[in-house]
Structures are given as structure tokens and as C-alpha cells.
Amino acid sequence: MVTVSEHSTVRAAQSGDYAALADIYNHYVINTVTTFEEEPVDADEMGRRVQDVAGWGLPWLVLAGPDQLEGYACAVRWKFRSAYRHSVETTIYLRQGLVGHGRGALLYGALLDHLRDAGMHTAMGGIALPNDASVALHEKLGFGKVAHFAEVGHKFGRRIDVGYWQVML
């Protein structure tokens with residue numbers, strides 16, 4: 001556990017967090033193109049995802065505030081062939097209303113530190129575009145744009161581009 005401010009700490013996700021994780025994520029599922037998932041997920045599904053990530057030896061971190069979880073960040077395997085074993089795809093979600101207050105950089109920075117300590121070499125973040133806030137967060141943490149895929153997603157009746165940002169750990 002790492003204290004990131006007077007009121008918030010970063011720690012590993014726990015089973016009691018699954019409903020809050022689903023709540024944070026489902027805002028993005030229902031209201032944004034940040035994720036291409038189109039149906040909300042429940043606490044059990046979030047639990048399965050957290051356990052899968054842990055089973056791969058990767059971190060799923062939460063930012064715990066005094067009254068509620070404020071966000072989460074995790075890494076998943078980039079691909080499943082063994083030669084990719086030191087590469088991950090990262091993701092971060094903050095509770096609605098908490099974006100732009102420095103929490104994302106603290107949480108995402110903690111995730112990158114965990115990945116470095118675990119011997120990961122490369123982290124990639126996919127961003128549905130346009131998304132100036134996410135691009136700024138990634139670039140603040142040293143990521144650089146390496147790919148742009150036109151119209152690969154379709155949600156809310158429109159086609160969406162996706163860019164990938166990468167950082168060497």
C-alpha cells in the first residue's frame with residue numbers, strides 16, 4: 001500500500017472492491033467510447049477479471065479514498081505468445097468527476113512502478129480518439145504515440161479511431 005495523498009492510498013484490488021470497480025467502469029461503458037464494451041458488467045465479472053490479471057502475475061491497483069474507491073489501473077498481457085511475456089497493455093479508470101485532479105497520474109505512475117519492479121519491459125495504452133485528457137496523461141508519464149487505427153471501433157452509431165501509446169519501462 002502506498003499513500004499518494006493525505007486522503008488516498010494505492011493498494012492491490014481486493015474481493016470487497018469488485019462492486020465498486022464495476023460501478024466505476026460501467027459509467028464508461030454506458031456513457032462513453034472510452035471502452036468498446038457495450039453492456040455493463042457486474043461485480044462477479046469484475047472479480048473474474050481481477051483474478052485473471054492476478055493469475056498472470058500482473059497488478060490490478062485501486063486508488064482508495066476515505067469514503068470510496070476513486071479509480072483503478074491494471075495491466076493485462078499484450079499477447080499470449082511467450083515472446084510477448086515482458087509486454088503489457090495498461091488501462092486506467094477514475095470515478096466520474098475525479099478526472100483532472102492529479103489522481104490519474106499518481107495511480108498510473110504506481111502501476112508503472114509495479115510493472116518495472118516485476119520485470120516488464122514495454123507498456124502500451126490504447127486510447128479511443130479523440131480523448132485529449134487520456135493522451136495528456138499518457139504523455140505526462142512518458143508514453144509516445146506509436147500507432148493510429150482508423151475507424152476500428154463502432155459504438156453509439158459512430159466509427160471510432162484508436163491510437164496506441166507506448167513507454168519502455
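Me: In the hairpin of strand 7 and strand 8, which residue takes a positive phi?

Reply: The model is a predicted one, and in it the hairpin of strand 7 and strand 8 has two residues between the strands. The loop between strand 7 and strand 8 holds a residue other than glycine whose phi is positive, near 55 degrees. That residue is F156.

Me: Which residue in strand 8 is the bridge partner of M124?

Reply: Strand 6, made of residues 122–129, pairs with strand 8 in the antiparallel sense over eight bridges. In strand 8, the residue that M124 has as its bridge partner is Q166.

Me: Where does the cis peptide bond at P130 lie, and what is its omega?

Reply: P130 has its place in the loop between strand 6 and helix 4, the latter covering residues 132–140. The cis peptide bond joins L129 and P130, and its omega is about 0 degrees.

Me: Which residue meets R95 in a salt bridge?

Reply: R95 is placed in the loop between strand 5 (87–94) and helix 3 (103–117), and because its relative accessibility is 13%, it counts as buried. Leaving aside neighbours within four places in sequence, R95 has contacts that include A20, D23, I24 and Q68. The side chain that meets R95 in a salt bridge, at 2.7 Å from N to O, is that of D23.

Me: How many residues apart are R95 and D23?

Reply: The side chains of R95 and D23 meet in a salt bridge. The pair links distant parts of the chain, with R95 in the loop between strand 5 and helix 3 and D23 in helix 1, and the separation is 72 residues.

Me: What is the length of the polar contact that joins the side chains of R95 and Q68?

Reply: Q68 is listed among the contacts of R95, together with L69, E70 and G71. The side chains of R95 and Q68 are joined by a polar contact of 3.3 Å.

Me: Are R11 and D17 buried or exposed?

Reply: R11 forms a salt bridge with D17, in which the closest N and O atoms are 2.7 Å apart. The relative accessibility of R11 is 17%, that of D17 is 6%, and the class in question requires under 20%. R11 therefore counts as buried, and D17 likewise counts as buried.

Me: Which side chains are joined to that of E37 by polar contacts of 2.6 Å and 2.8 Å?

Reply: E37 sits in the loop between helix 1 (18–31) and helix 2 (43–55), and at 23% relative accessibility it counts as partly exposed. Apart from neighbours within four places in sequence, its contacts are Y25, V29, R49 and K155. The polar contact of 2.6 Å joins E37 to Y25, and that of 2.8 Å joins E37 to R49.

Me: Which residues are linked with E37 in a network of salt bridges?

Reply: A search of the whole structure finds seven salt bridges, one of which pairs E45 with R49 at 2.8 Å between the closest N and O atoms. E45 and R49 both lie in helix 2, four residues apart, about one turn of the helix. The residues linked with E37 in the network are E45, R48 and R49.

Terms used. Residues are numbered from 1 along each chain as its sequence is written. This is a predicted model: local features need pLDDT of at least 70, side-chain atom pairs count only at pLDDT 80 or more; totals for chains, interfaces and linings use all residues. Side-chain values use heavy atoms; hydrogens and water are left out. Two strands pair if DSSP finds at least two bridges between them. Buried means under 20% relative accessible area, exposed over 50%, partly exposed in between (1.4 Å probe, protein chains only). A polar contact is a pair of N or O atoms within 3.5 Å; within protein, one must be able to donate a hydrogen and the other to accept it, and residues adjacent in sequence count only if both atoms are side-chain atoms. Contact means heavy atoms within 4.5 Å. A salt bridge is a side-chain nitrogen of Lys or Arg within 4 Å of a carboxyl oxygen of Asp or Glu.
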